[in-house]
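Dear colleague,

I am handing over a structure that I would like you to look through when you have the time. You will find it directly below, and my notes come after it.

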Amino acid sequence: MVTFQQVWQILNTDIGELLGTPGETVEAGAEVSKASLELMIALGLLGTPLAPAAAVAAGLSFVGLSRKGLNLLRAKTNNKPTPEQWVGIAFPLAYIMSFDSLVHKNDWLKVKIGVGVSGNDIDNDAKQQIDQLGELNLDQALVDQAWDYFPESKLGQALNQQLSQYLKQVGLDPNIIPLVTGWVAWGTYGCIDSLLSYEPEDIVNSFSLHRAAAQQTAPTRKYGNIETYLTEQISPNPSDPNRLQLWKVLGEDFKIPDIYVPLKAQLLDTNGKVKKQANPVNLESWAKQQLTNPEKNGQVMFIQGGPGRGKTVFCRMLADWVRQHLHPIWTPILIRLRDIHTFEKNIENTLRAAVQADFAKKDGWLTDPNTRFLFLLDGFDELRMEGRTIGGIEDFLKKVGYYQENCQQNPNLGHRFLVTGRELALQGIVTPRNLERVQIALMDETLQQQWFRNWGNLVGQDKATGFKRFFQAQHCPERVKELAQEPLLLYLLAAMHRDGKLTDQMFVGASSTNAKILIYQTALDWVLTKQRPKDLHFEITEQETEDLRRILTEAGLCVTQAGGEWASITMIEERLKEDDGARELLEKAQKRIGENPLRNALAAFYLRPASGSGVTEGAVEFVHKSFGEFLCALRLQESLEDWTEPRKKRRGFTIDNDQLAEEIYDLLGYGRLTPEIVDYLMALLDTSDDFRPVQLFERLEDFYGRWCNGEFIDILEETTLPQKTGQKLRKHGVELGQRQVDIAAGLNTMILLLELHRYAQTKDELKDKISFHPCGKPDTEGFDSKRLLRIINYSNSVEVDNFLKTIGGLLSLADLRWVNLIDANLSSANLIKANLIKADLSSANLSSANLSSANLIKADLSFANLIETDLIEANLIEADLIESNLIDADLSSANLIEANLSSANLIEANLIKANLIKANLIKANLIKANLIKADLRQADFRQANLTGANLTGANLTGANLENISWNEDTKWENVQGLETAINVPEALKNDPTSP
């Protein structure tokens, strides 16, 4: 019986013949790695010290080396090697060839292996196992095993043991070693096929049945399926045209990698605030460091950024980089969160459903020691929660955080998560403690210069230079320069300039939102007149162009109602049934292009989504969410203007109250209007000749009052408007019940009323005509102090903190005088300059809310949670803050005259220049509070804790300091009026630094 050792002697008896002679033509390919030569020598395939072998093998590829080994085998056996001999030489060579290929392409592995080990470093156990491998008998059973499923064969396991020992010697993490050995063993099959392609026909035929059987082995298919997933779902070169379109830039011929530049990001603390002392970081470098640093294995990477900042593009680019440079140490899995329709209690099942690949269908796929995944969860703000009532995004993020901690503790898991989304998505929710957050920064000049170079490579340096001159010229509006810091808008500006659509005068005097609208409008015109699909290139009249625009705006509304990114074709078609012009245009197009005219009409702005959309009859999605929001705003503008169109011959409006209510539910009875849509809408209305703000406000306010009274949902005799709208949406996959529709219609109407209220404050002629009071106007019969509280509770009945998530960011300048908001959750709400005179906010949660410049005269904030709340310049005269929690709150320059802060917790609160005249601070906790230059005249500090507080320059004239606590860290420098303060402790009088 022949052993492996005996066959291998064929190779190592003549190293010079195997490796070749200097100057000999060698096989093309990457040079044999030092690690691979070390492994060959360790296995006994090369009986020579490393240094001479490496010197002779310099420049030789492993394919060439392996071919030489097989040629040597044939020469030594007179061209008649037995199957056992061929397998004994070819499989170990193919195994090491697979290892060599992995080392060459995996950056992480190259660094970790480093200089490798010397032969002297191989321990006795390893030498003993090598000897055992050499003694294996090369019989038919071993040959059959190797072909049937090599990784689990005696030979495969023996080689895995030797590679494991080698990797252990070079210091590789024991949990990583199975990843390497598993993929090397699987890759051996491909290397065997490569070697067979050079062999004579008789040898190839002798193994044909074995090869066919090996390809059907289930474990082999697992690895192959992962590789297919990476090629089709992650690589920028998939075979599926629909997947390929995801890498194209808005209908251009070039792909994202051709124009992409690495972004920068700002580091955030656990509260989501920018770390002021930290410099911006390269986002890619940050993510790679997080991924390869074992100490960060328990952290969820969270990347936030506004629309157009490049979150989705970054995910694709990073996933592809990991595919090329880190797989299989990390295998990227890219999941668009909007494609997830059902969230299981077990996050593993949710991930399985989202991946939709064969390798994820097997139980235990996440505990497989041969795989470790990097899950990139893109679009946190676009989560499509089932029914929107199962705990929401907060629950999902908690599950991700908890699972990440489990991955750190369980070596069989070890996966990592990276999540992206808009910052607004985190408003009002408690984030996991293991979130490592960064915020994508605007492009700086260095990144823009790099982008210009890429643009020049695509369109020609002359055109790129021309745009650069326009962009850098003094007459270029500042608004344009600001917008050009966002990757999407920079591209649109460059494309417009390339096509002669960008002029010096376009943006003169435009606000940031108006400038963005101009860009999108120009881009829309550009698509409608230039970039129409070839199937629609027929003579088109101006009217037909407007019909196309109408189709796009209706699609924008549908996509927004359906969750933000895609909508079914039938949903859009149904909304267009009543539009004669659009219908005629589609009929005309159908005669030319067949059965799908709408899909073709939308092709320039939409793409067919991945199969994850779950829509069988066809669906479309925006290339970028911002386009959908802009087009949705255009559609809403049209209706809002129609609602105030006067009748020609009689008083009133062309659309009566009943029809108005029906249209409000039809347009606004879904989800929530995003701040971006609202900004676009108000800017569009402001420049429109058909905008009638007073009439619009009055009509919406009348609907709001009727909605508050339950008029539309409490009908018993007939189908309600909420029910009709819910049924219509449900037909197209938007799962909303009538309560959800009713709440959405009311809250979205409230958003419009709040926006009109804010708009009126900027117009002298409108201030007295438009004033929105959510609870009715104070001092009138219709005032109901608890109305807003009931709305909050009603809104939250379908989703926790639904009111906060929908309205919370839009309450600046709101008139909330005398309202009762006891126990209300307004965490992180935007209440800048809000009027809260005499409002009852006792026990309310206002943590991290922005109340700067708010009017809180005589407001009741007792027991309220005001942790990290921004109260800069707020008016808190006579406000009641008994036992309120103001830890780390910012009250600088706030007016707290005669405010009651007894027993309030003000640890590390910022009270610089705050006016606290006659304030009640009895038993207040002011540990490390900042009271620099605060006006504390006649304030009552009895039993207050001032440990570590900074009172530098504060005015304590007439203050009562009886039984206060302080220590050597309390700062009393330049305190005024201490000599006139009452009940000053003797120790403080004698030496302020000695308590």
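What follows is a summary of the sheet, the salt bridges and a charged surface patch.

Please keep in mind throughout that this is a predicted model.

I begin with the sheet, which is open, has seven strands in the order 2-1-7-3-6-5-4, and shows mixed pairing. Its edge strands are strand 2 (281-282) and strand 4 (331-336), each of which pairs on one side only. In general, the strands of a sheet pair through backbone hydrogen bonds, either parallel or antiparallel. Here, strand 1 (residues 264-267) and strand 2 run antiparallel and are joined by two bridges, with K264 standing opposite N282 of strand 2.

Strand 3 (residues 300-304) is largely enclosed by the rest of the structure, because five of its five residues are buried. The cover extends to both faces of strand 3, with V300, F302 and Q304 buried on one side and M301 and I303 buried on the other.

Turning to the charged side chains, the count of salt bridges comes to 31. One of them is formed by K731 and E574, whose side chains meet at 3.2 Å from N to O. Because K731 lies in the loop between helix 34 (721-730) and helix 35 (738-761), whereas E574 lies in helix 27 (residues 569-575), this pair ties together parts that are 157 residues apart in sequence. K731 is exposed, with a relative accessible area of 57%, while E574 counts as partly exposed at 24% relative accessibility.

A second salt bridge joins D686 and K763, with the closest N and O atoms 3.8 Å apart. This pair, too, links distant parts of the chain, as D686 is in helix 32 (residues 675-686) and K763 is in the loop between helix 35 and helix 36 (787-795), 77 residues apart. D686 counts as partly exposed at 35% relative accessibility, and K763 counts as partly exposed at 24%.

A further salt bridge is formed by D935 and R937, where the closest N and O atoms are 2.7 Å apart. D935 counts as buried, since its relative accessibility of 16% is under the 20% limit, whereas R937, at 33%, counts as partly exposed. Elsewhere, salt bridges that share partners join R550, E554, R575, R635, E638, D666 and K728 into one network.

Finally, which residues form the negative surface patch? The patch is made up of D642, E645, D689 and D690. Of these, D642 lies in helix 30 (residues 625-642) and is partly exposed, with a relative accessible area of 30%.

With best regards

Technical notes:
Residues numbered from 1 in each chain as written. Predicted model: local features only at pLDDT ≥ 70, side-chain atom pairs only at ≥ 80, totals over all residues. Heavy atoms only, no water. Patch = residues over 30% accessible without salt bridge, like charges linked within 9 Å, V, L, I, M, F, W, Y side chains within 5 Å. Areas by Shrake-Rupley, 256 points an atom, 1.4 Å probe, with all protein chains shown as cover. Salt bridge = Lys/Arg side-chain N within 4 Å of Asp/Glu carboxyl O. Lys, Arg positive; Asp, Glu negative; His and termini not counted. Charge placed at Lys NZ, Arg CZ, Asp CG, Glu CD. Helix = DSSP H or I, 4+ residues; strand = E, 2+ residues; numbered from the N terminus. Buried < 20%, exposed > 50% of the residue type's maximum accessible area, 1.4 Å probe, protein only. Pairing = 2+ DSSP bridges.
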